[in-house]
Amino acid sequence: MSDPHTRAALTYGSYLKLDELLSLQRPRSDSAEHDEMLFIVIHQVYELWFKELLHEFDRVQRLLEDDEPYRGQHTLKRILTILKVMVAQLDILETMTPLEFLGFRERLEAASGFQSDQFRQIEFLLGRKSEQAIRRFPDGSRARRALEHRYGQPTLWDAFLRYLSREGYAVPESQLRRDVIASIEPSPDIQQILIEVYRRDTKNAELCERLVDLDEGLQEWRYRHVKMVERTIGAKSGTGGSSGAAYLRETIGSPIFPDLWEIRAQL
Ligand code: HEM
């Protein structure tokens, strides 16, 4: 144990590891391109938010498993607030013009947000799993281990269905034991249950609405990201090797929780 008399007093800087944190922004352009600093800072900030989101999503899932819907909703509210901040932050990057970005774009080589393992982890926990996404990371790396772990875990939707079943809803066994790796497909049985929830069960209907908020919030981020990409690089291909905005447009509009959208026409 450290001696309290010799130990340096905790300060703001030592608690937050500010010396380390502030040494991590290192532009690659020699004759420092002014906007590269912004580009680095904003991506690092996003990665920190992704980290916090993963932390909060794990909590929501645990709270649902422990039959704590109100606390689960409360945590979802926090997640949604973070998502709103993340969408709003894109405004800052949009102050960078196409020419300012071109000033350092080639220094990025093949690096791209496409390689963000934390973004993929969020997709995995929401039900968009892909072995190919795991294989992009070197064997034994932090990123690969994290993705491999999440790949076999139940998704947030699985936790929600199991919670509904414990609340007394007749969720079919096939859904409760569904392959957690498979994508979440619309199910008429689940839709019937959700309609019942919306009509008769305010507590759980509210929880459903927060999941819809989450789904919409992520689609909003994707939409704003693609618009930013269009205004910054137009139809050019991405540094990550995709067709760029054309690829990103394909990822917009497919919901995470399809049943929650399907039922709206029947309510
Ligand atoms: C000037 C700013 C930006 C441009 C031009 C840009 C461009 C692109 C492009 C073209 C892609 C498609 C993959 C590729 O071929 O590279 C992509 C994917 C992606 N970007 Fe960005 N991006 C920018 C800022 C950001 C920021 C600030 C984030 C925050 C983390 C981000 C996160 C992502 C993610 C997560 C993907 C993967 C999306 C998916 O596969 O569904 N990007 N970006």
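Trainee: How do the residues of the shell around the ligand divide into nonpolar, polar and charged?

Mentor: In this predicted model, the shell divides into 14 nonpolar, 12 polar and 2 charged residues. Of the 28 residues around the ligand, S112, R120, H225, S242 and Y247 come nearest.

Trainee: Which elements give two or more residues to the shell around the ligand?

Mentor: They are α3 (34-65), α6 (117-125), α12 (202-233) and α13 (245-250). The largest share, 7 residues, comes from α12.

Trainee: Why is H225 called a donor of the iron atom of the ligand?

Mentor: A donor is an N, O or S atom within 2.8 Å of this metal. NE2 of H225 is at 2.2 Å from the iron, so H225 counts as a donor. H225 is the only protein donor of that iron atom, and it is found in helix α12. The side chain of H225 also has an N or O atom 2.9 Å from a nitrogen atom of the ligand.

Trainee: How do you know that α9 and α11 are in contact, and which residues meet?

Mentor: Contact requires heavy atoms within 4.5 Å. W157, F160, L161 and L164 in α9 meet I190, I193, L194 and V197 in α11, so the two helices are in contact. The residues of this contact divide into 8 nonpolar, no polar and no charged.

Trainee: What describes the packing of two helices?

Mentor: The angle between their axes and the distance between the axes. For α9 (residues 156-166) and α11 (residues 188-200), the axes come within 12 Å and cross at roughly 65°.

Trainee: Why is the crossing of α9 and α11 called left-handed?

Mentor: The term applies when the near helix is turned anticlockwise from the far one by less than a right angle. α9 passes α11 in a left-handed crossing, so that description holds for this pair.

Trainee: How many helices and strands does the protein have?

Mentor: The protein has 14 helices and 0 strands.

Note on methods:
Residues numbered from 1 in each chain as written. Predicted model: local features only at pLDDT ≥ 70, side-chain atom pairs only at ≥ 80, totals over all residues. Heavy atoms only, no water. Near = heavy atom within 4 Å. Polar contact = N/O pair within 3.5 Å; in protein donor to acceptor, adjacent residues only side chain to side chain. Helix = DSSP H or I, 4+ residues; strand = E, 2+ residues; numbered from the N terminus. Nonpolar A, V, L, I, M, F, W, Y, C, P; charged D, E, K, R; others polar. Axes fitted to C-alpha atoms, helices over the stretch in contact; angles between N-to-C directions. Donors = N, O, S within 2.8 Å, 3.2 Å for Na, K, Ca; no water.
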